[in-house]
Amino acid sequence: MFILFYIFASELANMTTISKSQIKRNALVEATINLVNNNGFHATPMSKIAKMANVSPATIYLYFENKQDLINQVYIEVKAAFSTFAFKDYNESLPVEKGFEIVWKSIAEFKLNEIEQAMFLSQCDNTPMIDEASRQEGLKHLQPLLYLWERGQKEGIIKAYSPYLLYAYSIYPLAFLMTMHQRDIIRLNPAHLEDAYQAAWNSIKV
């Protein structure tokens, strides 16, 4: 009985340790996103990140090798969360146009509701801080969309552009609309989003 209790107590202690460790790491990730969004990459030193996360500067190095590693890991994690949301209602058996509509509107929903994460990804799109290996890892999360476009091209529905051009014309403009929405220059409503979707689809369809 004592041995069983000891094992249970040890496992419980380990779970508590892991939980506290994850809480600290999550705080560092959230602090990084917040500070990068407000100050940019170069004005976000590790010391500020640690302070906002309420941990000692030394603690940050238990989770990340350096600032480059921190930024890369946060980018990959946010990209994964973004992609999970983007494809939550998507099914590969859907017709190309309907599949694209579902993915596009989910991306728009993410960008307008998960503002901090969406802003961080926009920052990452325009900085050399993200290394190529991390960008390629992030790209893997968008693979269902790339497969959808490839299928559309084979069916003669999608223009024979590279996936980078297709993304630039149909998805990337959402970042601009999100910024305008945030600055209250335009308050996006369902009609605006429908117009934006139609413009996106028209830009890539044959």
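**Close-up 1. Lining of the second largest cavity in the predicted model.** The residues lining the second largest cavity divide into six nonpolar, no polar and one charged, where Ala, Val, Leu, Ile, Met, Phe, Trp, Tyr, Cys and Pro count as nonpolar, Asp, Glu, Lys and Arg as charged, and the others, Gly among them, as polar. This is a predicted model, in which local features need pLDDT of at least 70 and side-chain atom pairs count only at pLDDT 80 or more, while totals for chains, interfaces and linings use all residues. Residues are numbered from 1 along each chain as its sequence is written, and side-chain values use heavy atoms, with hydrogens and water left out. The lining consists of Ala108, Lys111, Leu112, Leu174, Met178, Leu188 and Leu193, and the elements that give two or more residues to this lining are helix 4 (96–113) and helix 9 (173–182). Helix 4 provides the largest share, three residues; helices (H or I, at least four residues) and strands (E, at least two) are DSSP runs, numbered from the N terminus. The space in the second largest cavity is about 30 Å³. On a 1 Å grid over the protein atoms alone, a cavity is a set of points where a 1.4 Å probe fits but cannot get out, a pocket is an open set with protein on both sides within 12 Å along at least five of seven lines, and lining residues have an atom within 4 Å of a point. Grid points are joined across faces, edges and corners, and a volume is the space filled by probe spheres set on the points.

**Close-up 2. The largest cavity.** A search of the whole structure finds two cavities of 30 Å³ or more, and the largest cavity has a volume of about 70 Å³. Its lining is made up of Lys79, Phe82, Lys111, Leu121, Asp125, Tyr167, Ile171, Tyr172 and Ala175, which by class gives six nonpolar, no polar and three charged residues. Helix 3 (67–86) and helix 5 (115–125) each supply at least two residues of this lining.

**Close-up 3. The largest pocket.** The volume of the largest pocket is about 420 Å³, and of the 15 residues that line this pocket, the closest to its centre are Lys79, Asp125, Leu139, Tyr164 and Tyr167. Helix 3, helix 6 (132–140) and helix 8 (163–170) each contribute at least two lining residues, with the largest share, five residues, coming from helix 6. The lining of the largest pocket divides into nine nonpolar, two polar and four charged residues.

Close-up 4. Rings of Phe, Tyr and Trp (its six-membered ring) pair if their centres lie within 6.5 Å, and planes under 30 degrees apart count as stacked, over 60 as edge-to-face and the rest as tilted. By this rule the count comes to nine aromatic pairs. One of them, phenylalanine 82 with phenylalanine 110, is edge-to-face, at 5.2 Å centre to centre and 70° between the planes. Phenylalanine 82 lies in helix 3 and phenylalanine 110 in helix 4, so this pair ties together parts that are 28 residues apart in sequence. Phenylalanine 82 counts as buried at 2% relative accessibility, as does phenylalanine 110 at 3%; buried means under 20% relative accessible area, exposed over 50%, and partly exposed in between (1.4 Å probe, protein chains only). Phenylalanine 100 and tyrosine 197 form a tilted pair, 6.1 Å centre to centre with 35° between the planes, and this pair links distant parts of the chain, with phenylalanine 100 in helix 4 and tyrosine 197 in helix 10, 97 residues apart. Phe100, Trp104, Trp149, Tyr197 and Trp201 form one aromatic cluster. Tyrosine 197, in helix 10 (residues 190–204), is buried, with a relative accessible area of 2%. Leaving aside neighbours within four places in sequence, tyrosine 197 is in contact (heavy atoms within 4.5 Å) with Glu97, Phe100, Glu101, Trp104 and Lys105.

**Close-up 5. The largest nonpolar core.** A nonpolar core is a set of buried Ala, Val, Leu, Ile, Met, Phe, Trp, Tyr and Cys residues joined through side-chain atoms within 4.5 Å. The largest such core has 53 residues, and those with the most contacts inside it are Leu28, Phe100, Trp104, Phe120, Leu145, Trp149 and Ile171. Not counting residues up to four places away in sequence, phenylalanine 120 touches Ile33, Val36, Asn37, Phe41, Ile71, Val74, Tyr75 and Val78.
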